[in-house]
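Dear colleague,

I am passing on the structure below, together with notes on what was found in it. Please read the notes with the structure open beside them.

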Amino acid sequence: MTDELPRTDTAASAAGGDPYPAAGQPLLRIEGVAKTFGTFRAVDGVSLDIKAGEFFALLGPSGCGKTTLLRMLAGFEAPDEGRILLGGKDIAQALPHERPVNMMFQNYALFPHLSVRDNIAFGLKRAGMPRVEIATRVAEMVALVKLEGLEKRKPDQLSGGQRQRVALARALARRPQLLLLDEPLAALDKKLRESTQGELMELQRRLGMTFIIVTHDQEEAMTMASRIGVMKAGKLAQVASPRELYEAPRSRWIAEFVGDINLFDGESKLRDGHRLVIGTRDAGALVVAEPREPVGAGKLAVAIRPEKVKLSRRGPVSEAGRETAINRLDGVIADICYLGGTTTFKVKLDTGGMLQASVANSARLDVDAYSLNQHVVAWFTPDDCVVLPS
Amino acid sequence: MSSRRIFARPARFAAIAPYVWMVLFFLVPFAFVLKISLSQTAIAQPPYAPVFDLTAGWDALRGAFAALSADNFKLLVSDDIYVFAYMRSLTVAVTATALLLLIGYPIAYGMARLPKRWQAVAMVLVIVPFWTSFLIRIYAWINILQHDGLLNQILLALHLVSQPVVWLSTDTAMYIGIVYSYLPFMILPLYATLAKMEPALEEAAADLGAPPWQVFWLVIFPLSLPGVGAGVLLCFIPIVGEFVIPDLLAGSNALMIGQTLWLEFFTNKDWPVASAAAIVLLMVLLVPLLLYERLQKRQLEHGR
């Protein structure tokens, strides 16, 4: 067996060793991978490079192909087209047990007939690791996921959160080059999910391992991942950092899929230096910053995130002199949604459209709060707007 | 309040119903058989003595009890015929059950991995033979296995043999008949446990480095043990007492205990010895039955 997995040195030193490319070096290369089930093209020509040490998230609605892509990385599905290179070696057709890749399953898939210890040791025994080393590694893993004292329990004697930890320890025990996580937190309740997100990130940083997580929860992806690949209908729609994805979505679909957004359809009217004036049907003329990639002359959409919209009773005074410095929209409060940390207002614009504004509740007592049907001025700067092809 | 009273009575009845069933259809007949097994054969109607005659008073009853003896059981142990019959029954049952498990397991596993709608079809195909009388199906096998039967015709046509093979009245024919008849009883419990097993478990095992044979031995098989246990007992217990199949398909040189029972009962008209043989058979079967019950209890405790 030429298996490199039962290494006993720590992950930190392993990062410099040969099976682990150094952090930042390319680890996984997906080249034009496609998979068809019957007539349904689940994954349609995906190409992607992932570097060692990355925490990468595949995000998308259900049926977008993200799980199929992950299963091809694990070896449960063979791609119909394309190559999957792990450390330079094509593993596209390798069987699951031949890959230095481990997966944490959505419902954990713990072996119900084995104890916590035996579940974690399963992969180590398969790799032919000596008994003593297995015991050491299992103890290390148990400590890592804080399951001390539960080693002899069977999975059905554990809580959901504990099962999740066993699944994680089992997947990490072989120190895979690549850890795949299929909706790892979906079965946990909200509070536990949030604390587990933090623990997963911390673990990933400490072990210097490469994680690929599949999730439909954009907040989860944004919180944990250093890079996100958004998938739609089998294709990668955008690969970017969470911030870029949120602030500079590449398409209207991504803008709407990730977070809340106000969208106004319109056409480019005129150019003023680095500013464009776009005439919209629902919000009148809006001044926007010229996008980095030039947009065509045709139909456009102006996108503004709700938290970029400011509300005031009379409008901004300071920069009122410069007409192009600010977009001012008059309207009436149509709906108030108090969410604790923020309040979302829906403003019915005089120009006809509806604008959402999210305002932080920075003071506990707000004697000056807006009320329904109150007249307000909504404003935002040209740089807060994103211009998208319609 | 009133709703509780409505439900209370049927619930209580439902709780005691199994016990009533056990007493009426197991314990009472068992007491009869036990009593007959302790009496002596006689040329009479019924053909054993003494018979309890409740009208004859207390002394007669005591006399009848005093006349009971364990002679029949001693005969069973001392006479080779019975010992051989028990041994043959157990050997046949063990061999046939092993064959059933070997043949039934792959079928059940294949069924459990079919797409959902095909599973229902496969299930019907397994059960379909039950729609024809059991005896007719065994006679059909006689037809297939006889000298100029279908099997020999095929073998001859394929030039696999140069002259017809003797199948009938051999152990091979008997095993064919038993495996054929009991296969559904092996497949169904196996299928039930395999179908509800999460497919992700196999993937997890493979993902952790287990090649296919290890996936089977370390995950699938251990998790299917409840089904294996149920299938093995559902086949083993009735096969030990099997009468029709060995009688019709096997040779007459070695008898199973069911056939011996039949001989004692109907040919020799020795009800007491037949009853004693039945009691011993029951004791032999009680061991696997108790094992089965313990298994079921464990399953219930595990809540699955």
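**Strand pairing and domains**

Strand β17 (residues 342–349) of chain A pairs with β18(A) in the antiparallel sense over 7 bridges, where strands (E, at least two residues) are DSSP runs numbered from the N terminus and two strands count as paired if DSSP finds at least two bridges between them. Within this pair, K346(A) stands opposite Q356(A) in β18(A).

This is a predicted model, in which local features need pLDDT of at least 70 and side-chain atom pairs count only at pLDDT 80 or more, while totals for chains, interfaces and linings use all residues. Residues are numbered from 1 along each chain as its sequence is written, and chains are lettered from A and ligands numbered from 1 in the order in which they are written.

Both strands belong to an open sheet of 5 strands in chain A, with the order β15-β19-β16-β17-β18 and antiparallel pairing. Because β15 (310–312) and β18 (354–360) of chain A stand at the edges with a single partner strand each, one side of each is left without a neighbour in the sheet. From one strand to the next the twist averages 45°, with axes being lines fitted to C-alpha atoms and angles running from 0 to 180 degrees between N-to-C directions.

Elsewhere in chain A, strand β9 (residues 227–232) runs antiparallel to strand β10 (residues 235–240), and 5 bridges join them. V230(A) stands opposite Q238(A) in β10(A), and in the hairpin of these strands, which has 2 residues between them, A233(A) takes a positive phi near 45°.

The domain assignment of chain A, automatic or from a database, gives domain 1 (11–100 + 176–247) and domain 2 (260–389). Their centres, taken over C-alpha atoms, are separated by 36 Å.

How values were computed:
Helix = DSSP H or I, 4+ residues; strand = E, 2+ residues; numbered from the N terminus.
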